[in-house]
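Colleague: I have a structure open and want to learn to read its features. Can you take me through them one at a time?

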Amino acid sequence: MSAIETFRAETRAWLEANCPESLRGAAASGELVWGGSQVEFANEDQRLWFERMRDRNWFCPDWPAAYGGGGLSPEEDAVLQQELKRLKCRPPQINLGIWMLGPVLLEFGTEEQKQRLLTPMTRGEVRWCQGFSEPNAGSDLANIRTTAVDAGDHYVVNGSKIWTSYGDKSDWMYALVRTDNSSAKKQEGISLLVLDMHAEGVEARPIDLISGKSSFCEVFFDNVKVSKDNLIGPLNGGWTLAKRLLQHERSAMSKFGEFSLPTHFDLMTILGDYLPDADTPSDIALRARAQACALDEHAYNLTVQRMGQQARARQDVSGIAAIMKLVHSEQEKQKFELLVDAMGHRALGWDGDEFSEQELAISKAWLMSYTQTIAGGSSEVQLNVIAKRVLDLPDAPKGGAK
Amino acid sequence: MNLIYNEEQRMLLDTAQEFFAERSPVSALRALRDRNDELGFEPALWQEMTELGWTAIPFPESLGGLEFGYTGMGTVFESAGRHLSASPLLSSVVLCGSILEQGGSATQQESWLAELVAGNKRLALAVDEGSRHNPHNLALSAVRTETGFQLDGEKVMVVDGLQADGWIVAARTGDAADAISLFIVPADTPGVEQKRQNLIDSRNTARLTFTHVQVAPEQLIAELDKGAPILESALDRGRACIAAELQGACEELFKTTLEYLRTRVQFDVPIGSFQALQHRAAWMHVDIELARSSLMAALDAIDSGDAQAAQLVSLAKWKVGQMADKVSSEAVQMHGGIGVTDELDVGLYFKRIRVLQALLGDADYHLNRAAPLLEEA
Ligand SMILES: Cc1cc2nc3c(=O)[nH]c(=O)nc-3n(C[C@H](O)[C@H](O)[C@H](O)COP(=O)(O)OP(=O)(O)OC[C@H]3O[C@@H](n4cnc5c(N)ncnc54)[C@H](O)[C@@H]3O)c2cc1C
Ligand SMILES: Cc1cc2nc3c(=O)[nH]c(=O)nc-3n(C[C@H](O)[C@H](O)[C@H](O)COP(=O)(O)OP(=O)(O)OC[C@H]3O[C@@H](n4cnc5c(N)ncnc54)[C@H](O)[C@@H]3O)c2cc1C
C-alpha cells in the first residue's frame, strides 16, 4: 500500500469511529457550531466531534503543525476532505477566521502574528467577524472612512462598520481601516487591522431587517486602542490583502451551502395547494409564470452541473462562474414573489397562530430573499463584472463597471 | 448526465465550424435569397456534407450509420446555425430518417433510409396543419380503400417540402386522439399540390394539398394507428437539433453585437460603455449559458434513452427559444438604425432565428410540455 493509501485507510477508520452518527448529513439552520471563546453545543455529540477534531489538529488540517495545524500535505488534505465528504461529516465548527483570515495571515503575517493569532484559531478558541462594509462603503468598498491614527505604540480607531455578521458574538474582528487620507487613489491608504471586540470603545448592535431580527450588526469604534503589532501586512497596503481575502470568501460561502440544509420551498407543489384550478386568464398566466420560473431553476441546476464537468475537463469556466450568484439570488427572489402572488394574504403573515408554520416561513424567506441580491456583491455589481470581465465591454465613462 | 462535448465531439465541432465558415457563409444564404431559389440550399454543399458522413451520424451501424448520436449531430447543427448555412439535414435525415429508423420496414429502410443517408434522395416531413404547431390535433385523413389508402387534407410549414423525392405524411386514421399513421408519399403521386410558403428566412417551406391521393399499403410506416409515438420521438430529435441550430445562431449573433458595442462610437465613447446596454448584454450572456446547459441535457437525454428525454427536449426548446427571442431582438435594437437594414447580416440572423423558434413548437408550446419535469422535484 502506498503512503497515501495508508493515510486514506487510517483516516477513514478514524472518521468512522469518531464522527458521531448524528453529525453526518446536512444540518438545519441554527444547528451548526461556531467556534470561539463561548462555544455553544446543542448536544453531547456536537461537543465530542468538536473536541476530537480539535485534539487531532484537524480544525486546520493543512496548516503547519508549528501553529497548531495538522501539517498535512496537499495530497493528504485532499484525501481527508474526500473522506469527510464521503461520510457527509458536518464541519466540527464554523469559523470565519480559519476560512478567510487564516490563509491571508499565513501568506502575509509576521512570525509573531502567526504564533499569536493562528494557534488559538486551530484550537477553536476565537470567533472572528469581518469588518469591511461601512455605511458609505458598500459596493464601493474602497470608500471606507473608519480611521486608524498612529499614536506612538498603538493606533486609535474611530468610525463604524455595518453588516458585520455576528459582530455581537465575535471575539475578534479583521477590519479595513484608513491609515492615510492624503493619497489621490482611495484604494491606497487602506490597511488591514485585527482588533479585540471586547476592547474598550467597541460596541456592536444587531440590525433589525425587514424580515425581523438578524445576526448582522452595526459596530461602532470610539477611540479604540489597537496595538501596532495587530497591523497585518504593510501599512497602507491593505487593499491587496482585502482582495485576497474576498477570494477566500467565495469558497467559504460555498462550504456553508454544502453543510446547511437548504430551506427549499417547492414552487409548483405550493402553487398547486393554493391555486388548484387555474380558470381565468390571469390565473393561467400566473401558473405559466410559475412554470417558467421553476424550469429556469432546472436550467440553473443543469448549469451548476455543467460548470463542474467543464472544470473537471480543465476548460475555462470563468464565464459560467460569473453568473452563478446573480442567477441564483434573482431566481430565488422571483420564486418568492410568485408564491406571494399565488398565496395572497397567506404569505403576508408576520407571526401568530393565524398562519401555519410554513406560511410564516415563506413570508420570512421572501423578505430575506431581498438581502441575497445585495449581500456579497449586488446584482448590479455582478452585471458590471460580467460586462467588463466576461464580455470585455469598455469601461463606463463614470462609475459603472470595475 | 453528460453536459459537455467529449473530445471526439469537439473535433467534429471544429471540423463543422470550419466547413460551414468556408463553404457556406452567410453570403451563401444571401445569394440563394437574391435569386429567389426555391430549393433553399446548394445541392453541391449537401453533397459534400453527405460525403463527410454527417448524414450517417445518428443512425446505428446496422443501418449504415456512424452511431455518433444526437450530441454529435448537435455539433453540426450548432455550426450550421452560426453561419446560417442551409441544408436539408433536419428535414430529410433527422426527421424523416429517424421515423424510418424507428418504424420503417426493411424494404422501406433499404429503398428510402439508405438513399437519404447517401444523399441520393430527399424526404420531407408533413405534420403541421394550423397556424401554430400542434401535432396532436391533425385532420388530414387517410381512409382505407380496396387498394390501399386515400389521403385528403392539407399540410403547411413542410420544411424542404419543395422538390423533394417524397414526403412522410402524418394522417388521421381513426377517431381516437392518437390514431395517427405515417405514410410515405412519393413526389410523383397524383393529387398532391405543392405551393411555396415564402417565409422571412428565405428557406424551402411548402404547403401541400392532398386531394384523393392514393397510397399503396406498403407505403404505410409501422402499424396502422400506431404512428404517434414514432412521430413524437422523431419530432423530439428534430426539436433538439433546432435548439442546437438556434444556440449556434444566437451565440454568433451575440458575438457580432458585442463587437458592435465595443466599436460603435456615439457621444464620444463606445456605446458598449453605457451601463444601460452593458447590463442588457450581461443578461443575454446569462440566458445563453442557461440555454446551453438545457440544450446539452436534451441531446444527452436522447442519446442515453433517458425516461424524461421528451421533457428535457422541451426544456431546451423552451429555454433556447426564449433566449433566442431576446438575443435576436436586442441585437437589432443595439445596432440602432443600421440594425433594421438589409445590408447587415443581423437581420438575416433575426429572421432565421424567429422561424426556428416557431418551428416544431415555440417557447410557449414547450413551456407546457416540459412541465412534468417539475413534478418529481
Ligand atoms: C444580509 C447582508 C449581509 C452582509 N454581510 C456582510 C458581511 O458579513 N461583511 C461585510 O463586510 N459586508 C456585508 N454586507 C454588506 C454588503 O456587502 C453590501 O451591502 C453590498 O456590498 C452593497 O453595498 P450597500 O448596501 O452600501 O449598497 P450600495 O453600494 O449603496 O448600493 C445601492 C444600490 O446601488 C447599486 N449600485 C452600487 N454601485 C453600482 C454600480 N457601480 N453600478 C450599478 N449599480 C450600482 C446597488 O446595486 C444597489 O442597488 C452584507 C449585506 C447584507 C444585506
Ligand atoms: C426607419 C428609420 C427612419 C429614419 N428617418 C430619419 C430621418 O428622416 N431623418 C434623420 O435625420 N434621421 C432618421 N433616422 C435616423 C434615426 O434618428 C437614428 O437611427 C437614431 O437616432 C439612432 O441612431 P443610430 O442609428 O446611429 O444608432 P446609435 O446611436 O448608434 O445607437 C446604437 C444603439 O446604442 C444605443 N445608445 C446610443 N446612445 C446611447 C446612450 N447614451 N445610452 C444608452 N444607449 C445608447 C441606442 O439606443 C441603440 O440601441 C431614421 C432611422 C430609421 C431606422
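Colleague: Which N or O atom in a side chain is 2.6 Å from an oxygen atom of ligand 1?

Modeller: This is a predicted model. Look for N or O pairs within 3.5 Å. Here the side chain of A:Ser378 supplies such an atom, 2.6 Å from an oxygen of ligand 1. A:Ser139 also has a polar side-chain atom 2.6 Å from an oxygen atom of this ligand. A nitrogen atom of ligand 1 has a polar side-chain atom of A:Asn384 at 3.1 Å.

Colleague: Now ligand 2. Which residues surround it?

Modeller: Chain B residues, among them B:Phe267, B:Ile271, B:Phe274 and B:Met334. This shell divides into six nonpolar, four polar and one charged. Next, the polar contacts. B:Arg264 places a polar side-chain atom 2.6 Å from a ligand 2 oxygen. The backbone contributes too: an N or O atom of B:Gln333 lies 2.7 Å from an oxygen of the ligand, and a polar backbone atom of B:Gly337 is 2.6 Å from one. Ligand 2 alone exposes 980 Å², of which the protein buries 40%.

Colleague: How do I read a strand? Is E5 of chain B buried or exposed?

Modeller: Side chains in a regular strand alternate between the two sheet faces. So check each face. In E5(B), B:Ile180, B:Leu182, B:Ile184 and B:Pro186 are buried on one side. B:Ser181, B:Phe183 and B:Val185 are buried on the other. Seven of the seven residues of E5 (180-186) are buried, so the strand is largely enclosed by the rest of the structure.

Colleague: Which strands pair with E5(B)?

Modeller: E4 (166-172) of chain B pairs with E5(B) in the antiparallel sense over seven bridges. E8 (220-221) of chain B is also antiparallel to E5(B), over two bridges. Follow B:Leu182. B:Ala170 stands opposite B:Leu182, and B:Ile221 in E8(B) is its bridge partner.

Colleague: Last, a helix. How many residues of H7(B) are buried?

Modeller: 29 of its 36 residues, so H7(B) is mostly covered. Then test the length. At 1.5 Å a residue, H7 (228-263) of chain B should span 52 Å, and its end C-alpha atoms are 52 Å apart, which agrees.

Note on methods. Residues are numbered from 1 along each chain as its sequence is written. Chains are lettered from A and ligands numbered from 1 in the order in which they are written. This is a predicted model: local features need pLDDT of at least 70, side-chain atom pairs count only at pLDDT 80 or more; totals for chains, interfaces and linings use all residues. Side-chain values use heavy atoms; hydrogens and water are left out. A residue is near a molecule or strand if one of its heavy atoms lies within 4 Å of it. A polar contact is a pair of N or O atoms within 3.5 Å; within protein, one must be able to donate a hydrogen and the other to accept it, and residues adjacent in sequence count only if both atoms are side-chain atoms. Accessible areas come from the Shrake-Rupley method with a 1.4 Å probe; for residues, only the protein chains shown count as cover. Ala, Val, Leu, Ile, Met, Phe, Trp, Tyr, Cys and Pro count as nonpolar, Asp, Glu, Lys and Arg as charged, and the others, Gly among them, as polar. Buried means under 20% relative accessible area, exposed over 50%, partly exposed in between (1.4 Å probe, protein chains only). Helices (H or I, at least four residues) and strands (E, at least two) are DSSP runs, numbered from the N terminus. Two strands pair if DSSP finds at least two bridges between them. The expected span of a helix is 1.5 Å times one less than its number of residues.
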